[in-house]
Each structure stands twice: as C-alpha cells, then as structure tokens.
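The points below are meant to be read beside the sequence and the coordinates. Please check them in order against your own viewer.

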Amino acid sequence: MSEEKLIRERLSKHLYGGEAFMPVMDMLDKISFEDINTRPANLPFSFYELFFHIVFTQKDIVKFTCSDDYITPKWPDFYWPKEKTCKNAEEWETLKAEYITDRERLKNFLLDEKNQLTKAVKNGKGEQTLLRELLLVIEHTAYHTGQMLIVLRLLNLH
C-alpha cells in the first residue's frame, strides 16, 4: 500500500472519531429525543443545537469540496438552527441521517485517489485543498463533540 493511500485511510478513520474524541455516533446512542433540547444550567447550547451546527458545517464543507453548485451560506445565520429546539423525532432522525450521508460522501471523496490531497478543491483557491477541508471537518467536529460530552455529563447520560 502506498504512503498516500495509508494517509487517506488514516484520515478517513479520524472522520469517525474514537481516537482523540468520542465518536459522534456513540454520543447519539447515549441521548434520547426527550433530552436533546435541554440546555444545562449556564450553558448556551443544547445537545441538539451543537449537533445541528456540526451537521450544517460538515454539509457546507462537503459541498464546498465536492460540488459544482456551491453557494456560500450566510454566517452565522445558517450555521445554527433558527429554532432552538428540535420539534419532533422525525426531524431529529433526518438530521442524524444527513450527518451520516455527508460524512460518507466526504470519506468516499477522500478515498478516491483521483482527488488530490494537496490541490485546491472544486470551489477552493490556493490552500483550500482536500487535506485542509478534511482536517477542518475533523477539528470542528472534535471541538464541538467536547461540548456535547459536557452536555451529556451534565444530563447524567455519560
């Protein structure tokens, strides 16, 4: 196996977490729909709001990286939920499915060796490479999963 292929495989594993931070899917298994909207005392966000932010940001980076029809969303309006609570279980399940679908799309794009790691992505310029965009998703997810873990602990769910 080539060194580049090993790097791609390692990066794809980091998309899923578990080495330096708890995998998002493990966190989703720990919280019920009834608890996702709870904001523990003195915290500015609920589990739902943090997860929505992860999902939307990942989706934005995936579109920026892989799509021909990318339009920059307005910051911060589109990156956080307009409604502070998730209204129903169906909406919650849809959000989780979007997270999984977009993560898989990015992983598959990464593992396709025709997509160069160090060249600008479709909508990028200069240093906006596949490697950079992938690391942004990993770092951003890790940052906010730390916050989600705090919410889980304060709700006595971890």
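1. Glu-49 touches Arg-39, Pro-44, Trp-80, Pro-81 and Lys-84, leaving aside residues up to four places away in sequence; contact here means heavy atoms within 4.5 Å. Glu-49 is part of helix 3, where helices (H or I, at least four residues) and strands (E, at least two) are DSSP runs numbered from the N terminus. Its relative accessibility is 1%, so Glu-49 counts as buried. The classes are buried under 20% relative accessible area, exposed over 50% and partly exposed in between, with a 1.4 Å probe and protein chains only.

2. On provenance: this is a predicted model, in which local features need pLDDT of at least 70 and side-chain atom pairs count only at pLDDT 80 or more, while totals for chains, interfaces and linings use all residues. Residues are numbered from 1 along each chain as its sequence is written, and side-chain values use heavy atoms, with hydrogens and water left out.

3. The protein chain has five helices and zero strands, in the order α-α-α-α-α from the N terminus on. Its radius of gyration is 16 Å, close to the 15 Å that the globule rule gives for 158 residues, so the chain is as compact as a globular protein of that length. That radius is taken over C-alpha atoms, and the rule is 2.2 Å times the number of residues to the power 0.38. Along the principal axes, the C-alpha atoms fill a box of roughly 45 × 35 × 25 Å.

4. Of the 158 residues, 43% count as buried. Among contacts with a separation of 6 or more, 75% come from residues 24 or more positions apart. The accessible surface is about 9000 Å², and 53% of it belongs to carbon and sulfur atoms; areas come from the Shrake-Rupley method with a 1.4 Å probe, and for residues only the protein chains shown count as cover.

5. What is the span of helix 4, from its first C-alpha to its last? Helix 4 (residues 89-111) has 23 residues and reaches 33 Å, close to the 33 Å expected at 1.5 Å a residue; the expected span is 1.5 Å times one less than the number of residues. At its start, a side-chain oxygen of Asn-88 comes to within 3.2 Å of the backbone nitrogen of Glu-90.

6. The buried residues of helix 4 are Trp-92, Leu-95, Lys-96, Tyr-99, Asp-102, Arg-103, Leu-106, Phe-109 and Leu-110. Their cover includes helix 1 (3-15), helix 2 (24-30), helix 3 (47-66) and helix 5 (130-154).

7. Nine aromatic pairs are counted, under the rule that rings of Phe, Tyr and Trp (its six-membered ring) pair if their centres lie within 6.5 Å, with planes under 30 degrees apart stacked, over 60 edge-to-face and the rest tilted. The rings of Phe-47 and Trp-92 have centres 6.4 Å apart and planes at 65°, so this pair is edge-to-face. Phe-47 lies in helix 3 and Trp-92 in helix 4, so the pair ties together parts 45 residues apart in sequence. Phe-47 is buried at 0% relative accessible area, and Trp-92 is buried at 2%.

8. Trp-92 also forms an edge-to-face pair with Phe-51, at 5.4 Å centre to centre and 65° between the planes. This pair links Phe-51 in helix 3 with Trp-92 in helix 4, 41 residues apart. Both Phe-51 and Trp-92 are buried. One aromatic cluster is formed by Phe-47, Tyr-48, Phe-51, Phe-52, Trp-92 and Tyr-99.

9. Some backbone details deserve a look. A cis peptide bond joins Trp-75 and Pro-76, with omega about -10°; Pro-76 sits in the loop between helix 3 and helix 4. Asn-42, not a glycine, has a positive phi of about 65° and lies in the loop between helix 2 and helix 3. With a relative accessible area of 81%, Asn-42 is exposed. Asn-156, not a glycine, has a positive phi of about 60°; it belongs to the segment after helix 5 and is exposed at 69%.

10. Is Ala-20 buried or exposed? Its relative accessibility is 73%, so Ala-20 counts as exposed. Ala-20 is in the loop between helix 1 and helix 2. From Ala-20 to Ala-142 the C-alpha separation is 8.1 Å, although the two are 122 residues apart in sequence.

Conventions
Polar contact = N/O pair within 3.5 Å; in protein donor to acceptor, adjacent residues only side chain to side chain.
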